[in-house]
Amino acid sequence: MNGKKGSCHHHVEINIPPLTFMPKALTKSEKGASSSSSTISSSCQAWTRRLWEFVREDSNRVTFAFKVGLAVLLVSLLILVRAPYDIFGTNIIWSILTVAIMFEYTVGATFNRGFNRALGSLLAGVLAIGVGQLALYSGRVAEPIIIGITIFLVGAITSFMKQWPSLVPYEYGFRVILFTYCLIIVSGYRMGNPIRTAMDRLYSIAIGGFVAVLVNVLVFPIWAGEQLHKELVASFNAVAEALEECVEKYLEDEGLAHPEFTKTVMDEFSNEPAYTKCRSTVNSSAKLESLANSAKWEPPHGRFRHFFYPWSEYVKVGATLRYCAYEVMALHGVLHSEIQAPYNVRITFKSEIEDAVTKATEVIRDLGKEISNMKRIGDTIRSSLLKGVHNSAERLQRAAVAKALPPTNGDENDDKMSSQLIVGNFEQQKAALSVATFTSLLIEFMARLDHLVEAVDGLADLAKFNCEEVL
């Protein structure tokens, strides 16, 4: 021992595990925020897709919105700029109101609305001036009584007259008479000068109407006549495509199980786009009539260069075409009915049905092409096409009579065999009934083509289509 303690060296090793970052559990609020943000994002994307589809369906919608904004801006400058405001004053607000009410999608509809606006404002102004002067000379006591009575009478008479069937197209004009008369007569009563009030309102309305017509005609005009023309041609193609689609599905071998027959509503066949277009053709009556009424107000333009163009004939052709579309809808109903003929029965009529559909769709497309090009098909070609349709219809009718009727056997005496024959014959009769229904509807469709040809010929005569004879 040297006085020093012995030193002992102890090595202590401490192992510290590496830090591991565990994901933090999301709280309920964070989960809700994440789900809500994803929901908002998906909703925005869906809305953007719908907006794009809406614009792509008819690009003129964007053009119309741009034109309305431009017209309202031009009229508003009369207030925003100091110099014209000093001349017109606050009465120019009536011009803005006129543009907003009068500006329509097509040029013809704008002319129609403008005529009703101008005539209604003029009649209301003249009536308000006359009644205002009469009430002014009647004394302070009788003046409000006369004005109140005339307001009641004008409101009652205009509301009754706009319901008259022959005056329905001028319904907007009667509304203009009512509110213009009331505003002028009441303002004139408080201001004490009905003539000045009426004149201020009338020239402001005239400015707004002039700007609306000018912008609608000169800036990317949308003609109702052109819209009607394209709509009718598209209807011809839609009916032809729907007929081909229906027959193609009828002749397909899809087996006997059709679960969608009892579960699917007739309006929800998303896998049949041609049928959807045909259904829109059936519902196009109001649209064609509206476009025809607007087109009558339009001046000669584009390919429609003569006055008094027979726009009403387009409505007649559309009505005749709708009867053909009704038959296609009925064929579609047979296609999706629960009672179906077996594939081996349907296929026996394949050649006759396909030949009939080919001839029928050829006629429909040729008629649509005739209207689209505004050139008549030669009489020789027309007669040949119709003759082919008639021959195909007769061939299909003979095949339906010869092949669809089930054979009967009345010589069996055995009860068991007789019951089996009865069940077999009943199944054959159901199949025959389904085939007979489909073929009879198709034959009826082909018979209606004669009326459609006559309607198109009437339009071609009145519209003076050029004759095109193909050798």
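Axes here are lines fitted to C-alpha atoms, for helices over the stretch in contact, and the angles between N-to-C directions run from 0 to 180 degrees. The structure is a predicted model, in which local features need pLDDT of at least 70 and side-chain atom pairs count only at pLDDT 80 or more, while totals for chains, interfaces and linings use all residues. Residues are numbered from 1 along each chain as its sequence is written, and side-chain values use heavy atoms, with hydrogens and water left out.

Helix 12 (residues 285–295) packs against helix 13 at an angle of about 170°, their axes being 8 Å apart; helices are DSSP runs of H or I with at least four residues, numbered from the N terminus. The two are therefore roughly antiparallel to each other, a term for angles over 145 degrees. Where they meet, Ser285, Leu288, Glu289, Ala292 and Ala295 of helix 12 face Trp311, Val315, Gly318 and Arg322 of helix 13, contact being heavy atoms within 4.5 Å. By class, this contact has five nonpolar, two polar and two charged residues, where Ala, Val, Leu, Ile, Met, Phe, Trp, Tyr, Cys and Pro count as nonpolar, Asp, Glu, Lys and Arg as charged, and the others, Gly among them, as polar.

Helix 13 (residues 311–335) also holds Glu313. Glu313 counts as buried because its relative accessibility is 12%, the cut-off for buried being under 20% relative accessible area with a 1.4 Å probe and protein chains only. Apart from neighbours within four places in sequence, Glu313 is in contact with Gly458, Leu459 and Leu462.

Methods: Buried means under 20% relative accessible area, exposed over 50%, partly exposed in between (1.4 Å probe, protein chains only). Angles under 35 degrees count as roughly parallel, over 145 as roughly antiparallel, 65 to 115 as roughly perpendicular and the rest as oblique.
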